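Reader: I have a model open beside its sequence and would like to talk through a few spots. Could you take me through them?

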Amino acid sequence: AVVSTQSTGVPDMNNRNNALKEALQRELGASVFVMYHEAVLAFSRNQIDSKHFLQISKKYISPMSYSSLMTELVTLLPNIQKQHELYRDLGRPGDILPCCNCNQIMRTSDAKSHTCS
């Protein structure tokens with residue numbers, strides 16, 4: 001049962017957000033990062049769907065970095081519905097999973113520390 005549409009967050013969320021941002025900036029370079037950040041916002045605002053967002057992601061993120069960056073992005077999204085859209089369209093990667101109570105997507109390593117509000 002979905003209890004909330006908002007994620008309760010993940011352990012060390014601020015540091016993980018900063019690390020993801022830095023990794024994306026290294027991966028994409030400054031000018032492409034700005035464009036990519038706009039795509040993230042467009043996806044978050046329902047202006048583009050998850051399939052379109054993933055097409056953009058695949059275009060700019062190298063195959064070696066794609067899986068780890070995308071799964072971390074999924075877990076850090078604040079909107080559980082948006083998490084599920086990406087989780088589904090990424091093919092339900094095994095290193096992330098939905099909480100059986102609140103449906104928030106999290107790393108398998110975060111499951112023990114996860115609490116639903």
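Reader: Where is asparagine 103 found?

Author: Asparagine 103 sits in the loop between strand S1 (96-98) and strand S2 (105-107), where helices (H or I, at least four residues) and strands (E, at least two) are DSSP runs, numbered from the N terminus. This is a predicted model, in which local features need pLDDT of at least 70 and side-chain atom pairs count only at pLDDT 80 or more, while totals for chains, interfaces and linings use all residues. Residues are numbered from 1 along each chain as its sequence is written, and side-chain values use heavy atoms, with hydrogens and water left out.

Reader: What phi does asparagine 103 have?

Author: Asparagine 103 has a positive phi of about 80°, although it is not a glycine.

Reader: And why does asparagine 103 count as partly exposed?

Author: Because its relative accessible area is 24%; buried means under 20%, exposed over 50%, and partly exposed in between (1.4 Å probe, protein chains only).

Reader: Changing topic, which residues of H2 are buried?

Author: Phe33, Tyr36, Ala39, Val40, Ala42 and Phe43 are buried in H2, and what covers the buried residues of this helix includes helix H1 (13-28), helix H3 (50-60), helix H4 (63-76) and helix H5 (80-89), with contact meaning heavy atoms within 4.5 Å.

Reader: What comes just after H2?

Author: Just after H2, asparagine 46 takes a positive phi of about 65°, and its place is in the loop between H2 and H3.

Reader: Is asparagine 46 buried or exposed?

Author: Asparagine 46 counts as exposed because its relative accessibility is 57%.
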